[in-house]
Amino acid sequence: MTADPHKQQLRRTMRRDLWLTLTPAVLLMGAAFAAAFHFIEPAPPKTLVLAMSPDEGGFRFYARKYQDFLARHGVTLELRSTKGSIDNVALLADEHSGVDVAFVQSGTVASDKAPENVVSLGSLSYVPLWVFHRGEPLEDVRQLKGRRIAVGPEGSGTRALALTLLKANGIEAEPTVLLPLERDSAVEQLKQGQLDAVFLISPAESPIIHKLAAVPGIRLLSFSRAEAYSRRFTYLSRLVLPRGVFNLAADIPEQDVEVLAPTANLVARDSLHPALAYLLMRAASEVHGKAGLLDGAGEFPAPRETGFPLSSEARRYYEAGVPLLQRYLPFWAANLVDRLWVMLVPIIAVVVPLFRIIPALYQWRIRSRIVRWYARLKEIEIQLDENPGREMLEDMLKRLEEAEREVNRIPMPLSYAENLYFFREHIEVVRRRLIRRLAGGMEGADGHLHHASAQ
């Protein structure tokens, strides 16, 4: 059975109109979504690499706590052992090292020499400087002049701070002997009397500090000028270790001890994914938020002086707390929603208005096929008002009938057929005027009808 040519033409016309209407809208939506995708953060990686020194600042203990926290949220934390804070900063500064974050002791790098691509996520805890020595009680590092002192290995934060204090007192050169020993070796040699003093940086809760403080013949230096040091070196805090806090029964230490304490800090490469930055700070709040021997509850983490600029995520975290989505959703879900909300912009700004515009635009295209014929109809009406002669009237009638035939050939969906019938009604109005004028003969511009006698 042969298909109706008129119906085929109607379908082709409707498809063409639909594509001509939808194509600009689709291109506009595509451009809007492409622009939105440009601003969407990529998904955070599933693995982070943390650089830390096992023998410095209790970082090994902290690192394991961070591993456990991140594992609960589907992120693997790989640990890379280093000699100390200086090495950690160098690894972060190197774009090809693979290290994302690191534990770094404050004061390790001067703020004017800090790498531009390294930022701070905040201070985590006090990590006091412990100066253990043999012999009579000492009140200041000046009294260590000419002695054999273990100041920590090259690249360590312990060595950096020890040299800073020794140089500030002018006793870093001979006859003072500075030895770059590892922590365990230095402690053992001090016990055996092969060293006069050892510099250690470790939390007050560290077992090795408690044990060393209890060894007969070994004393803990109390900084009598601790306030002066903290004023000169702003990354240091003056703290008081209460008498007997290590062991009440044995009264260790046997007197209050003034100590100088830098802070342990979490620093990162500035390219760290924002979602992981917030997750790490949540881990820091869980691990370091409790009270300790020298830390108050809720005192850490905190945006203290670290020598590195505070990241924008850290600033928002310390001002407003955990991001709203991470408070109520699992990490992966919060990150997904946080990334996709950007897509709401083109949906609200482009897609929703287009859903209202497209039907109107399609309707306009359909009606425009008929509307353009109104120009011819109006032209005939204007000429009719100019009292044309019979020949002109007959030509006008012929043009009117031609317009009607052309309009009747326009493919028109049934839902829009009313526009076609409206136009035909208007044609009929003009036709009746033309027929009356022809039937009555040509009169003046006053419009009165004169009956011409056919007899």
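The largest pocket holds about 690 Å³ of space. The model is predicted. Rolling a probe the size of a water molecule over the atoms shows where empty space is left. Of the 28 residues that line the largest pocket, Gly58, Phe61, Tyr62, Pro203 and Glu205 lie closest to its centre.

Which helices supply at least two residues each to this lining? They are α2 (59-72), α6 (207-213) and α8. Helix α2 gives the most, with seven residues. By residue class, the lining of the largest pocket splits into 10 nonpolar, seven polar and 11 charged.

Helix α8 leads on to a helix pair. It spans residues 274-288 and packs with helix α9, residues 312-320. Their axes lie 9 Å apart, at an angle of about 45°. The crossing of the two helices is right-handed.

Which residues make the contact? From α8 come Pro274, Ala277, Tyr278, Met281, Arg282 and Ser285. From α9 come Glu313, Ala314, Arg316 and Tyr317. The contact of α8 with α9 has six nonpolar residues, one polar and three charged.

How values were computed: Residues numbered from 1 in each chain as written. Predicted model: local features only at pLDDT ≥ 70, side-chain atom pairs only at ≥ 80, totals over all residues. Heavy atoms only, no water. Axes fitted to C-alpha atoms, helices over the stretch in contact; angles between N-to-C directions. Helix = DSSP H or I, 4+ residues; strand = E, 2+ residues; numbered from the N terminus. Left-handed = near helix turned anticlockwise from the far one by under 90°. Contact = heavy atoms within 4.5 Å. Nonpolar A, V, L, I, M, F, W, Y, C, P; charged D, E, K, R; others polar. 1 Å grid on protein atoms, 1.4 Å probe; cavity = no way out; pocket = protein on both sides within 12 Å on 5 of 7 lines; lining within 4 Å. Points joined across faces, edges and corners; volume = space filled by probe spheres on them.
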